[in-house]
Number of protein chains: 6
Amino acid sequence: MFHHSSKLQYQVRVDKPDPIFAKHLQQAIGGIEGEIRVAMQYFFQAMGARGNPKYRDMLMMTATEELSHIEFLGHAVALNLEGAPVTTQEMAAQDPVVNAILGGTNPRHILSSGLSAMPVNSNGVPFDMSHVYATGNLGADMLANATAEAGGRVLASRLYNMTDDAGMKDMLSFLIARDTMHQQQWLAVIEELGGMEGQLPIPNSTPQEHENTEHSYYFLNTSLDEPTPEGRWTKGKSLDGRGEFSIKEKPEPMGQNPDLGKARPGTGTQMEQQK
Amino acid sequence: MFHHSSKLQYQVRVDKPDPIFAKHLQQAIGGIEGEIRVAMQYFFQAMGARGNPKYRDMLMMTATEELSHIEFLGHAVALNLEGAPVTTQEMAAQDPVVNAILGGTNPRHILSSGLSAMPVNSNGVPFDMSHVYATGNLGADMLANATAEAGGRVLASRLYNMTDDAGMKDMLSFLIARDTMHQQQWLAVIEELGGMEGQLPIPNSTPQEHENTEHSYYFLNTSLDEPTPEGRWTKGKSLDGRGEFSIKEKPEPMGQNPDLGKARPGTGTQMEQQK
Amino acid sequence: MFHHSSKLQYQVRVDKPDPIFAKHLQQAIGGIEGEIRVAMQYFFQAMGARGNPKYRDMLMMTATEELSHIEFLGHAVALNLEGAPVTTQEMAAQDPVVNAILGGTNPRHILSSGLSAMPVNSNGVPFDMSHVYATGNLGADMLANATAEAGGRVLASRLYNMTDDAGMKDMLSFLIARDTMHQQQWLAVIEELGGMEGQLPIPNSTPQEHENTEHSYYFLNTSLDEPTPEGRWTKGKSLDGRGEFSIKEKPEPMGQNPDLGKARPGTGTQMEQQK
Amino acid sequence: MFHHSSKLQYQVRVDKPDPIFAKHLQQAIGGIEGEIRVAMQYFFQAMGARGNPKYRDMLMMTATEELSHIEFLGHAVALNLEGAPVTTQEMAAQDPVVNAILGGTNPRHILSSGLSAMPVNSNGVPFDMSHVYATGNLGADMLANATAEAGGRVLASRLYNMTDDAGMKDMLSFLIARDTMHQQQWLAVIEELGGMEGQLPIPNSTPQEHENTEHSYYFLNTSLDEPTPEGRWTKGKSLDGRGEFSIKEKPEPMGQNPDLGKARPGTGTQMEQQK
Amino acid sequence: MFHHSSKLQYQVRVDKPDPIFAKHLQQAIGGIEGEIRVAMQYFFQAMGARGNPKYRDMLMMTATEELSHIEFLGHAVALNLEGAPVTTQEMAAQDPVVNAILGGTNPRHILSSGLSAMPVNSNGVPFDMSHVYATGNLGADMLANATAEAGGRVLASRLYNMTDDAGMKDMLSFLIARDTMHQQQWLAVIEELGGMEGQLPIPNSTPQEHENTEHSYYFLNTSLDEPTPEGRWTKGKSLDGRGEFSIKEKPEPMGQNPDLGKARPGTGTQMEQQK
Amino acid sequence: MFHHSSKLQYQVRVDKPDPIFAKHLQQAIGGIEGEIRVAMQYFFQAMGARGNPKYRDMLMMTATEELSHIEFLGHAVALNLEGAPVTTQEMAAQDPVVNAILGGTNPRHILSSGLSAMPVNSNGVPFDMSHVYATGNLGADMLANATAEAGGRVLASRLYNMTDDAGMKDMLSFLIARDTMHQQQWLAVIEELGGMEGQLPIPNSTPQEHENTEHSYYFLNTSLDEPTPEGRWTKGKSLDGRGEFSIKEKPEPMGQNPDLGKARPGTGTQMEQQK
């Protein structure tokens with residue numbers, strides 16, 4: 001069950017409201033790299049966690065933290081929108097260049113939300129929950145979470161670079177720090193369970209006989225004119241310790257020439273396809 | 001530039017067409033765990049790859065392979081749909097229980113595609129390209145790719161369990177094998193670049209002073225009644241080698257009580273909010 | 001800031017797992033009538049609440065409650081999925097009619113989530129955040145919230161009718177009760193602020209001179225052959241106390257015949273449109 | 001059956017074409033607060049209306065009116081786009097600041113629609129029909145309709161404030177007026193049917209024994225540190241006349257600690273989850 | 001301006017309600033081949049029609065007809081849903097096989113719409129307005145419309161084959177007929193304007209010097225192992241009368257090896273990409 | 001099976017990087033008129049092609065070409081983004097008007113993709129695969145493809161007009177040329193199969209008795225006040241050679257007054273609807 005306390009997890013200060021930066025910050029709320037995504041992803045993973053219950057707890061605790069991130073980011077957006085002109089008089093009172101810059105704001109911050117945060121990204125596209133990755137497989141989910149936090153920290157760093165508001169920089173430096181931890185905590189689960197050698201290939205419970213292992217460890221060079229880019233993935237023991245990496249170049253098709261024959265009557269096709 | 005040869009990458013055989021399994025297979029084509037996603041993800045990452053060009057080549061080669069996976073899966077769907085009844089006479093000729101099972105097929109496989117594969121998942125929801133994760137950051141992208149392949153192999157294993165058609169099992173055992181390789185090849189890039197210690201936190205180019213490092217290495221227990229789930233993430237050196245994991249329990253909010261004050265006139269709010 | 005306690009807000013018991021009912025329950029999680037929607041709607045309204053701060057508090061408190069509803073519903077879905085057959089052997093062990101019924105389950109409950117809840121509706125369509133209605137206008141938002149809760153209670157009642165599992169009925173009778181309260185609490189805000197007479201028309205701050213009031217109080221009968229359906233809306237004082245309802249039948253267009261003239265060169269139109 | 005007359009329902013005049021305002025106006029066509037939504041919402045509600053047929057008629061008549069609103073708004077968008085520069089020569093002929101402002105237009109108004117209205121919102125996001133709320137329950141639908149019209153009038157007022165084109169202001173003052181009426185006409189249905197006391201809780205046909213009424217009338221304070229925001233919803237008779245409002249503070253969870261145990265073999269989970 | 005008469009454009013009779021067929025019929029309402037799409041497509045094309053005003057009239061008249069098609073199809077869906085069981089008692093009263101078939105219905109027809117039509121397709125996916133194709137170019141729009149009607153008649157024929165309800169067959173035979181006309185009326189516009197020779201290439205107003213005509217008339221064989229499929233498109237005068245068709249086999253790339261070099265500092269990339 | 005060669009199909013040169021033009025170019029990648037759409041559309045049509053196999057080959061060859069178009073357009077976007085300012089220092093170094101123009105860029109080109117192409121349109125809306133039109137009917141698919149290429153050439157022409165970069169103009173003149181060919185090659189299939197007379201109405205395999213031919217050849221004038229727009233579609237032999245065009249004016253409804261009667265108990269409706 002969830003509870004709430006009235007203060008924000010972290011201090012939010014906006015020295016100079018900037019409605020364009022408000023638009024940019026939306027990416028950290030409703031973007032695929034944003035906080036709604038991770039909050040919901042960890043929440044749904046927790047609800048489906050089978051096996052050792054400590055992973056469920058871990059997921060739910062961080063889901064709860066991410067909800068608090070949405071909250072302070074939402075406040076940051078609203079503060080950046082304070083003072084955005086909402087009438088033609090207010091617009092006229094501003095410098096034409098500033099006015100031009102306003103063309104770069106999200107119009108729905110005025111028209112739809114009345115100067116408040118929205119669950120959308122920096123293009124105004126609403127977040128959709130298909131981005132909540134929760135497979136029921138602990139290994140796949142941990143990688144998905146590390147990915148989400150990597151994207152999140154990349155985003156926070158880019159936002160940091162794009163503002164010179166001291167309050168915003170301070171808030172983003174907190175987010176950058178938490179994303180550092182969150183990247184590592186999910187990968188630490190994999191390390192604890194035996195590292196890549198123990199966890200790969202995911203799912204590690206697939207019986208060996210379900211896999212055509214002759215195709216499991218070669219890098220396929222599908223290029224007609226490029227040499228194989230060599231590296232850790234083309235030689236040496238595979239990361240799961242079960243095979244040896246190799247290279248397969250200029251592969252020949254192993255399958256048939258696909259052919260579906262004629263269309264049946266009654267299928268709504270052209271007559272010519274049925275003959 | 002792309003080229004094509006007329007045979008499939010791998011042999012597709014369907015011993016007993018099964019339109020419900022055709023619906024299930026769609027998840028491997030148009031699901032978030034499917035082949036359109038990885039083909040497009042590696043393609044867009046390749047087009048944006050900066051730095052050592054061998055990663056671009058690697059991405060483009062595997063993108064090309066994934067296009068071939070879409071192709072043979074699409075053929076598998078069409079073969080499973082062969083013989084699905086399309087008229088009431090054909091339906092009536094079938095056993096009522098079989099008929100009932102048909103209620104479980106994707107109606108658009110008859111109505112919209114005429115017994116062919118579609119770029120949709122097993123619920124009939126079209127794939128959308130927001131799932132193409134390509135950040136321009138090599139580390140984030142490699143994790144995203146390993147995640148995608150982990151989800152893909154989980155899916156292929158589940159599909160394998162749900163059919164007893166020998167041809168389909170054979171095709172899926174090939175996919176399971178390729179997903180094994182693909183999981184590892186992306187993680188091998190990280191290993192080659194110094195492993196987690198070298199690559200974390202992502203982006204590893206963020207200047208230290210942009211991060212409020214006091215918050216970078218503690219696990220936050222946001223639960224009111226649960227002890228912290230302990231593990232690799234709560235003690236010991238952090239995976240990036242820069243810090244020491246610790247625990248922060250029952251955290252107090254560090255921020256203010258958010259307050260936006262009154263609404264301004266002209267904002268389309270109720271009068272009571274402006275007073 | 002959010003916190004969590006480990007127990008569910010309400011007891012969840014499933015006497016006889018039913019994967020089809022699991023699919024139906026998803027509507028209460030990820031449907032437009034579901035709990036993700038209200039949790040996020042009240043959360044975003046709270047973050048944008050201007051004016052009397054007690055409405056912000058009220059919104060945030062109920063947002064927090066709705067998060068707890070997602071949590072126990074998610075558990076209910078997972079419990080209903082326990083025992084769903086995931087291999088052909090398990091399927092074969094079941095009665096063919098039961099097996100046929102399984103055609104009615106959400107395939108992604110096996111393929112994608114591994115027998116866990118997903119943030120999707122009963123068609124498997126992911127929830128998208130465009131359904132978070134938060135205008136910054138207190139009156140509009142209160143109506144939106146009462147609407148959401150009305151839809152929610154309609155849904156919970158329909159789900160109640162479709163199961164005879166005692167545990168599920170008990171859980172739904174709790175949801176039905178909370179939806180009763182939530183419908184009323186949002187409408188009670190309107191009552192407290194002077195009722196419909198005080199709050200209508202929304203926004204009540206729009207200056208009278210921005211409204212062409214000659215068109216504000218007639219019901220427009222656009223039918224060519226039906227008499228006006230008469231009722232409270234066709235006669236008597238308007239609900240905002242500012243006008244008198246009336247009827248306008250068989251209205252004549254008041255505007256011009258629209259005409260855009262020729263297309264300009266350089267607009268990518270056919271030549272014939274430019275002449 | 002529908003018919004059409006060639007003139008617009010209301011006069012549209014644009015004194016000074018403004019392609020940025022065209023982008024803003026799109027919110028009134030294809031936004032969730034816009035006319036496509038209400039036209040389709042009333043249309044689908046009408047098609048599903050059971051009970052007294054006068055409500056069906058009422059819904060269909062207003063659906064028809066809203067179609068006419070789309071029509072004149074679409075003309076207004078096209079007129080505002082007249083004269084937008086479509087070639088680099090035309091762009092160069094303009095003032096650089098004006099040019100900069102053009103960065104704020106919707107590029108698809110040139111690239112995709114050729115200077116015409118589109119069924120998208122002011123971010124260019126297409127309207128999707130999931131926003132057509134039609135439950136089959138008259139009470140829920142009337143609230144949904146009043147909500148839609150409240151959002152619509154808020155939007156029209158905000159648009160009014162953002163233009164100083166006399167023609168556009170005139171057109172918007174008509175829309176503001178019709179939204180006034182439409183808000184009231186749907187709420188008048190509820191009043192006619194006995195008001196909130198008669199219609200709440202929606203659905204009012206749910207048998208009392210389906211509701212755990214012990215939880216029906218308290219406001220739940222889920223905050224750890226805030227006093228309950230008191231008001232009409234915390235004391236006095238409930239709006240449905242069936243109960244008495246009260247407060248429940250610092251609620252304890254009533255449910256169990258959720259636990260799904262181990263994962264089954266064959267579910268595509270990691271081995272560690274199955275042990 | 002739109003008007004309405006109370007009777008349906010065409011008689012709707014359902015002899016034996018069939019909730020699965022109701023689900024299928026939804027494709028004709030809210031599918032990409034359905035009536036909402038064409039109604040809105042012709043409506044938006046009409047609003048943007050520049051040039052000879054008779055095309056605007058034609059578009060608006062048929063848009064209006066399509067609205068009437070939505071209306072009678074919506075009634076057909078509701079009639080097919082009459083009698084669908086909504087309680088466990090009603091379900092139990094039915095034959096288990098029939099019951100199994102019910103697994104194939106759209107659950108939201110009970111849960112969300114209360115036995116009424118919805119603006120969704122046969123998978124329950126809501127229609128979205130990105131499918132309204134309106135380019136402002138008359139030729140492109142006429143092809144888009146003929147395409148939509150071709151898809152529509154294919155769908156109606158498939159639906160016809162899947163029902164043996166005489167009333168439904170009668171209604172569909174009307175739709176099949178109107179789709180026949182509509183396919184032709186849009187193509188007749190092209191014929192009237194000089195046929196393919198006059199209208200191609202679309203847009204026919206693009207200046208010749210904007211086109212690298214050396215690449216305008218060859219069919220590109222990108223296959224490594226297949227001979228060119230020969231036909232009308234590989235030899236003879238081109239359909240626009242401006243060129244001669246030819247074949248280009250095994251094409252060599254004409255462009256460079258793409259290279260983006262190093263990533264800049266400050267771009268949120270990994271350090272290794274910046275060196 | 002697919003293969004790749006490392007060079008681009010066509011040379012890409014950007015003389016003066018322009019991040020706003022990068023945003024515009026996205027329409028040609030991820031817009032409904034763009035290359036992802038046609039690549040995937042031809043690919044899925046090929047996989048479902050029944051009948052003469054040469055059409056399958058033709059579709060697959062052109063699908064392969066379109067993949068190469070995505071590739072060089074993606075490079076063009078990345079080159080146009082080179083030099084876009086990513087830090088406040090870089091922004092400050094620029095002219096304020098230029099800076100203002102930057103408000104018109106896609107913020108996700110910096111925040112999400114790190115200066116690379118994305119599978120989105122010029123509004124930043126991701127492409128979704130519902131736009132892949134593949135009906136299994138050759139005639140319908142050929143029209144859909146000609147439509148897609150018409151939209152594509154309209155778009156390429158508009159983009160050509162909006163840039164004065166010589167490199168971009170050169171690349172677009174190649175695209176304009178290939179779209180010329182592609183429009184024609186699909187229509188040439190129809191010509192080869194007997195032209196409109198042979199292919200219409202689509203599907204031409206629908207038995208005559210499934211069509212209520214009395215309604216197949218009249219243009220329906222649904223306007224109350226406009227004369228019928230006359231043309232090729234109102235008189236003369238129909239394009240399929242089977243009928244004679246005519247006009248039907250001021251049509252009377254042929255159907256009944258729809259009536260669904262009362263709602264059943266247990267349907268979650270208001271009590272008043274059940275009486």
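Between chain D and chain C there are 65 residue pairs in polar contact, both at pLDDT 80 or more; a polar contact is a pair of N or O atoms within 3.5 Å, where within protein one must be able to donate a hydrogen and the other to accept it, and residues adjacent in sequence count only if both atoms are side-chain atoms. This is a predicted model, in which local features need pLDDT of at least 70, side-chain atom pairs count only at pLDDT 80 or more, and totals for chains, interfaces and linings use all residues. Residues are numbered from 1 along each chain as its sequence is written, chains are lettered from A and ligands numbered from 1 in the order in which they are written, and side-chain values use heavy atoms, with hydrogens and water left out.

**Chains D and C**

- Helix 8 (166-192) of chain D is one of the elements that each supply at least two residues to the side touching chain C, and its 15 residues are the largest share of that side; helices here are DSSP runs (H or I, at least four residues) and strands likewise (E, at least two), numbered from the N terminus.
- The contact (heavy atoms within 4.5 Å) takes 107 residues from chain D and 106 residues from chain C.
- About 9,400 Å² is buried between chain D and chain C, 60% of it on carbon and sulfur atoms; buried area is the accessible area (1.4 Å probe) that two parts lose on being put together, summed over both.
- Six salt bridges link chain D and chain C, each a side-chain nitrogen of Lys or Arg within 4 Å of a carboxyl oxygen of Asp or Glu.
- One of these salt bridges joins D:E211 to C:R153, with the closest N and O atoms 2.6 Å apart.
- Because 99% of the interface residues of chain D are also interface residues in chain C, the copies meet through the same surface.

**Chains E and A**

- Nine residues of chain E are in contact with nine residues of chain A.
- Chain E and chain A bury about 630 Å² between them, 39% of it on carbon and sulfur atoms.
- The count of salt bridges between chain E and chain A is zero, while four residue pairs are in polar contact, both at pLDDT 80 or more.

**Annotated residues**

- The UniProt annotation "binding site", from an unreviewed entry, covers A:D57, A:N221 and A:S223; such annotations may be inferred rather than shown by experiment, feature names are shortened, and positions are given in the numbering used here.
- These residues span 167 residues in sequence and the farthest two C-alpha atoms are 46.5 Å apart, so they do not all gather at one spot.
- A:N221 lies in strand 2 (residues 218-221) of chain A.
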